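This report describes a single protein chain, moving from its overall architecture to selected residues. Please keep the sequence and the coordinates in view while reading.

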Amino acid sequence: MRLFYAITLPEPVKDALAGFSACLRDLSDKGRFTDRDNFHLTLAFLGEVPPDRLEQAYDAMRSVSCGSFPLSFSDFGRFHRGTREIWWVGVDASDALNHMQAQLAAAVRLAGFALADQPYRPHLTLGRDILPKPGADPRPLAGDLPSLSMRVGTISLMESARINGRLAYTPIRTHRLNG
């Protein structure tokens, strides 16, 4: 099973991201754009996990103890990961998010899972390997990004799998935050 931890997004946030992503798609010759139902905020990526370790992964998530908190999104940009270009929407600075993610990462490592050794940079991925049309500059789209916010009350252990040829991210366990 290919697993990761994430904050799932409410429908209005997914709708807004899908509309913004469609504008980006119109300006692009190619790219792999995130499906509306797959929008999420990754907290930690586990990778391939044997089914007999699923409960350990869930227990690590359940050990997170923090209250619910507000989260908002703004900014739009891209970064390179190797030869790949990833377009994203940024997450506004949040001490609560950073504290919760650090707590989760520590619990996951304590449970014996390996995590990438890089700083946590929260973002919502709009697409990968995007190639804008000649002469098109998607950067002005940033002004069209709607104000997005939500309240984080749960975190989820997610499975990434191909279903009928499409990538699908499915919550398999959810943990409610205190408060």
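## Fold and overall dimensions

Read from the N terminus, the elements of the chain follow the order β-α-β-β-α-β-β-α-β-β-β-β, where helices (H or I, at least four residues) and strands (E, at least two) are DSSP runs numbered from the N terminus. The radius of gyration, taken over C-alpha atoms, is 17 Å, close to the 16 Å that the globule rule gives for 179 residues, so the chain is as compact as a globular protein of that length; the rule itself is 2.2 Å times the number of residues to the power 0.38. In total the chain has three helices and nine strands, and its C-alpha trace spans about 50 × 35 × 30 Å along the principal axes.

Contacts (heavy atoms within 4.5 Å) with a separation of 6 or more are made up, to 78%, of pairs of residues 24 or more positions apart. The accessible surface, from the Shrake-Rupley method with a 1.4 Å probe and, for residues, with only the protein chains shown counting as cover, comes to about 9,400 Å², and carbon and sulfur atoms hold 50% of this surface. Of the 179 residues, 42% count as buried, a class that means under 20% relative accessible area, with exposed meaning over 50% and partly exposed the range in between (1.4 Å probe, protein chains only).

## Model and confidence

This is a predicted model, in which local features need pLDDT of at least 70 and side-chain atom pairs count only at pLDDT 80 or more, whereas totals for chains, interfaces and linings use all residues. Residues are numbered from 1 along each chain as its sequence is written, and side-chain values use heavy atoms, with hydrogens and water left out.

The mean pLDDT, the predictor's confidence in each residue on a scale from 0 to 100, is 92 for the chain, and 98% of the residues reach 70 or more. Confidence is highest in strand S1 (residues 2–8), at a mean of 98, and lowest in S5, at 86.

In soluble globular proteins, nonpolar side chains tend to be buried together.

Serine 94 lies in the loop between strand S5 (84–91) and helix H3 (95–110), and it counts as buried because its relative accessible area is 11%. A polar atom of the serine 94 side chain lies 3.0 Å from the backbone nitrogen of leucine 97, a polar contact being a pair of N or O atoms within 3.5 Å in which, within protein, one must be able to donate a hydrogen and the other to accept it, while residues adjacent in sequence count only if both atoms are side-chain atoms. Beyond its neighbours within four places in sequence, serine 94 is in contact with Phe69, Pro70 and Leu71.

Alanine 96 belongs to helix H3 and, at 32% relative accessibility, is partly exposed. The C-alpha atoms of alanine 96 and proline 70 are 8.5 Å apart, although 26 residues separate the two along the chain.

## Serine 156 and its surroundings

Serine 156, in strand S8 (residues 154–163), counts as buried because its relative accessibility is 2%. Its side chain is joined to that of threonine 174 by a polar contact of 3.3 Å. Not counting residues up to four places away in sequence, serine 156 touches Phe4, Tyr5, Ala6, Thr8, Met61, Pro171, Arg173 and Thr174.

## Positive phi angles and an exposed loop residue

Aspartate 75, in strand S4 (residues 69–81), has a positive phi of about 75° although it is not a glycine, and at 47% relative accessibility it is partly exposed. Asparagine 164, which is not a glycine either, has a positive phi of about 50°; this residue sits in the loop between S8 and strand S9 (166–176) and is exposed, with a relative accessible area of 79%.

Arginine 121, in the loop between H3 and strand S6 (123–132), is exposed at 62% relative accessibility. Its C-alpha atom is separated by 21 Å from that of arginine 2, which is 119 residues away along the chain.
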